[in-house]
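Here is a short briefing on one protein chain. Keep the structure open as you read.

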Amino acid sequence: MSSALVWFRRDLRDFDHAALFQALKQHRRVFCAFVFDTGILDALAQRADRRVEFIHASLVELDAALRARGGGLIVRHGAAQERVPALAAGLGVDAVLANHDYEPAAVARDAEVAGRLRLMGIGFETFKDQVIFEKNEVLTKNSSPFSVFTPYRRAWLAALSDFQLKAYPVAKYAARLAAPPPGESIPSLADIGFAPTGLAALGIVPGMAGGRRLVDDFLGRIGRYKARRDFPAQKGVSYLSVHLRFGTVSIRELARAAATIGGEGADSWLSELIWRDFYFQILWHHPRVVGASFRAEYDRVVWDAAPEYFAAWCAGRTGYPIVDAAMRQINHSGYMHNRLRMIAASFLTKDLGIDWRRGEQYFADRLNDFDLAANNGGWQWAASTGCDAQPYFRIFNPVTQSERFDPDGAFIRRYLPELARVPDTFIHAPWTMPPVEQQCAGCVIGRDYPAPIVDHAQARARTLARFGVVKAAD
């Protein structure tokens, strides 16, 4: 009887799971495991991290679901490249199976695991699971990777087929799941050195159950997605990003639903899933974007240090309400609306003149749905240093963005209570209120809410000059 170990990573579900299905199909006994990898955990900024709590709660649910099928989850804490081979050897399995990961550090980790397993005579195989198309599956006519989204999207849609969206029928072979050895249990958060963060108070439901609830809710309103997606005060987006990040939902199910439903809203959302694939393939083909500009010439841009500006941006104290509300949202909840991510990133790089890598790291430390590929791609887009980037001479005006996407200031007031009584006329630029209006609103600029730390028009001129130096040198 051949046996295998399925190593769960960012795929915390027991359905439509490529590696789990292949293991069950190919082997008679299949163990399941997860490793709290200290190579990742030790780099986290805080011991109270929402993502770790999300993973932990999702593992508890996954373990229960696997046990209901006759299996269960073996959980380890330590360096994955050591724990996985040791566990495979201890269980006496013939192979370890997992799903692909595309981040450079993960690719190196998997190569080390594969090498250690090979020395023990144990196989290692990985499968595509977290994207629809990967690596070299969607290329230009010249067989090179795309660097512009629109033609990539056309090629992606042309390549789409029922085969790509079919679910992996895990239940068909679930009887082959092997129960964990006696005494195995999931360590507590405290056991791995972390503390609870209060996800429930934020309305975040981890695991497959939380993902299913959001999928069902969103598919019922997907037709309105395009019309509402850019307005942070409205319930327009799916809120599924953290579940996509940790694989508590199936990307194939979501893409299939969007393609089947069709229409303006579903098509617009499917494009967002295609953006996700696009950034994964950019990271795979160009791993240098981790820490460097996709467009290498923009590594010559001279950014400002401006520690006081960066601190104000982080704290949501820039004097621009839409930017400050966005930053307070991420600081409070670990979530930021996608339109606000663009506004906040543009403000840091184009108004404050601060290196996009500092903002990218700030988001990486705080976003519940942090994904290296999408976070890097988004920041480079906003900073005009990446592939398919916003041209450097197109600079978001935070006031007009606020007026357009939060017209009555509902989102601003939710996160900036000091502006609660500011009239709609001034909510997007409260420094323009006459002194008597400030007194009436209980919001004196410079006392109750900061004056703008930079003048947008002057900042725009500095950005054009900053990039102009580089363009002139080409």
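Predicted model: local features only at pLDDT ≥ 70, side-chain atom pairs only at ≥ 80, totals over all residues.

Residues are numbered from 1 along each chain as its sequence is written, and side-chain values use heavy atoms, with hydrogens and water left out.

**Salt bridges overall**

- The structure holds 30 salt bridges. A salt bridge is a side-chain nitrogen of Lys or Arg within 4 Å of a carboxyl oxygen of Asp or Glu.
- One network of salt bridges links Arg 9, Asp 101, Arg 109 and Asp 110.

**Arg 252 and Asp 129**

- Arg 252 pairs with Asp 129 in a salt bridge, with the closest N and O atoms 2.8 Å apart.
- This pair links distant parts of the chain, 123 residues apart. Arg 252 sits in helix 11 (residues 251-261), while Asp 129 is in the loop between strand 5 (123-127) and helix 6 (149-159).
- Helices (H or I, at least four residues) and strands (E, at least two) are DSSP runs, numbered from the N terminus.
- Both Arg 252 and Asp 129 are buried. Buried means under 20% relative accessible area, exposed over 50%, and partly exposed in between (1.4 Å probe, protein chains only).

**Asp 299 and Arg 357**

- A salt bridge joins Asp 299 to Arg 357, and their closest N and O atoms are 3.4 Å apart.
- Asp 299 lies in the loop between helix 12 (263-285) and helix 13 (307-315) and Arg 357 in helix 16 (residues 356-366), so the pair ties together parts 58 residues apart in sequence.
- Asp 299 is partly exposed, at 36% relative accessibility. Arg 357 is partly exposed too, at 23%.

**Arg 341 and Asp 369**

- Arg 341 and Asp 369 form a salt bridge through their side chains (2.8 Å, N to O).
- Arg 341 belongs to helix 15 (residues 338-351), and Asp 369 to the loop between helix 16 and helix 17 (372-383), 28 residues apart.
- Arg 341 and Asp 369 are both buried.

**Helix 16 against helix 17**

- The axes of helix 16 and helix 17 come within 10 Å and cross at roughly 145°. Axes are lines fitted to C-alpha atoms, for helices over the stretch in contact, and angles run from 0 to 180 degrees between N-to-C directions.
- Residues of helix 16, including Trp 356 and Phe 363, meet residues of helix 17, among them Leu 372 and Trp 379. Contact means heavy atoms within 4.5 Å.
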